[in-house]
Amino acid sequence: MADDFHEITVTVNGTEYRRNVESRMLLSDFLRHDLLLAGTHVGCEHGVCGACTIIFDGVAVRSCLTLAVQADGHSVTTIEGLADGPEDFHPLQQAMRECHGVQCGFCTPGILMSMKAFLDDTPSSDEAQIREALSGNLCRCTGYQHIVDAVRLAVGQMRS
């Protein structure tokens, strides 16, 4: 049986890509293997851990539960597209650094993308809202307090 391929055009981090992808290819695999954007991590492959979270048309989405063909005609932002450049951190990235919100770093890209989408929708969030928004991202290294502190710091920096 011949493989079922589809041509897709997707904008990733501001750059348009046109590729032929297999129907069953996951968006996480497309990003990591076809576009070589390995910052999107794959953890559980069931949508539970949040490590593969990307922003899809402004919404935080689990890329391990999304097919690459579903991205046709859409815009995706990965962790590589969060900052304007390698020396210009996004306020969330800088706050994670300052508040020691990163330990092993495996969950960090997914957390940053989830928090970016959350803060875009809820820029004046409080600690309870931040904790609720973080509940979809699993981290096995931290107790989350430093991550919460970092998001709260970023909220303050983004307001000024």
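Me: Which residues does L26 touch, not counting residues up to four places away in sequence?

Reply: A contact means heavy atoms within 4.5 Å. With residues up to four places away in sequence left out, L26 touches S63, C64, T66, L67 and A68. Please note that this is a predicted model, in which local features need pLDDT of at least 70 and side-chain atom pairs count only at pLDDT 80 or more, while totals for chains, interfaces and linings use all residues. Residues are numbered from 1 along each chain as its sequence is written, and side-chain values use heavy atoms, with hydrogens and water left out.

Me: Where is the place of L26, and what separation do the C-alpha atoms of L26 and H90 have?

Reply: Elements are DSSP runs, numbered from the N terminus: helices (H or I) of at least four residues and strands (E) of at least two. L26 belongs to the loop between strand 2 and helix 1 (27–34). The C-alpha atoms of L26 and H90 are separated by 27 Å, the two residues being 64 apart along the chain.

Me: How many helices and strands does the chain have, and what pattern does the chain follow along the sequence?

Reply: There are five helices and five strands in the chain. Read along the sequence, they follow the pattern β-β-α-β-β-β-α-α-α-α. The radius of gyration, taken over C-alpha atoms, is compared with the globule rule, 2.2 Å times the number of residues to the power 0.38. Here the radius is 16 Å, close to the 15 Å that the rule gives for 160 residues, so the chain is as compact as a globular protein of that length. Its C-alpha trace spans about 55 × 30 × 25 Å along the principal axes. Among contacts between residues at least 6 apart in sequence, 55% join residues at least 24 apart.

Me: What percentage of the 160 residues of the chain counts as buried?

Reply: Burial is judged by relative accessible area, computed with a 1.4 Å probe on protein chains only: buried is under 20%, exposed is over 50%, and partly exposed lies in between. By that reading, 42% of the 160 residues count as buried.

Me: How many residues does the largest nonpolar core have, and which have the most contacts inside it?

Reply: A nonpolar core is a set of buried Ala, Val, Leu, Ile, Met, Phe, Trp, Tyr and Cys residues joined through side-chain atoms within 4.5 Å. The largest one has 24 residues, and L92, M115, L134 and V151 have the most contacts inside it. Two or more residues come from each of helix 2 (91–98), helix 3 (108–121), helix 4 (127–134) and helix 5 (145–159). Helix 3 gives the most, with seven residues. L92 touches L112, M115, K116, L119, V151 and A154, residues up to four places away in sequence not being counted. Apart from this core lies another, of 14 residues, among them V21, F30, A68 and V76.

Me: How many residues of helix 3 are buried, and what covers them?

Reply: Helix 3 is mostly covered, with 12 of its 14 residues buried. The buried residues include L112, M115 and F118. Their cover includes strand 3, strand 4 (59–62), strand 5 (75–77), helix 2, helix 4 and helix 5. The expected span of a helix is 1.5 Å times one less than its number of residues. Helix 3 reaches 20 Å from its first C-alpha to its last, close to the 20 Å expected.

Me: Is T53 buried or exposed, and with which side chain does the side chain of T53 make a polar contact?

Reply: T53, in strand 3 (residues 53–56), is buried, with a relative accessible area of 2%. A polar contact is a pair of N or O atoms within 3.5 Å; within protein, one must be able to donate a hydrogen and the other to accept it, and residues adjacent in sequence count only if both atoms are side-chain atoms. The side chain of T53 makes such a contact with that of R62, at 3.1 Å. Among the residues that T53 touches are P109, G110 and M113.

Me: How many salt bridges are counted, and which residues are linked in a network?

Reply: Side chains of opposite charge can pair when their charged atoms come close. The rule asks for a side-chain nitrogen of Lys or Arg within 4 Å of a carboxyl oxygen of Asp or Glu. The count comes to five salt bridges. E7 and R18 form one of them (3.3 Å, N to O). E7 lies in strand 1 (residues 5–12) and R18 in strand 2 (residues 15–22), so the pair ties together parts that are 11 residues apart in sequence. E7 is partly exposed at 48%, whereas R18 is exposed at 52%. R152 and E127 form another, their closest N and O atoms being 3.1 Å apart. This pair links distant parts of the chain, R152 in helix 5 and E127 in helix 4, 25 residues apart. E127, R131 and R152 are linked in a network of salt bridges.
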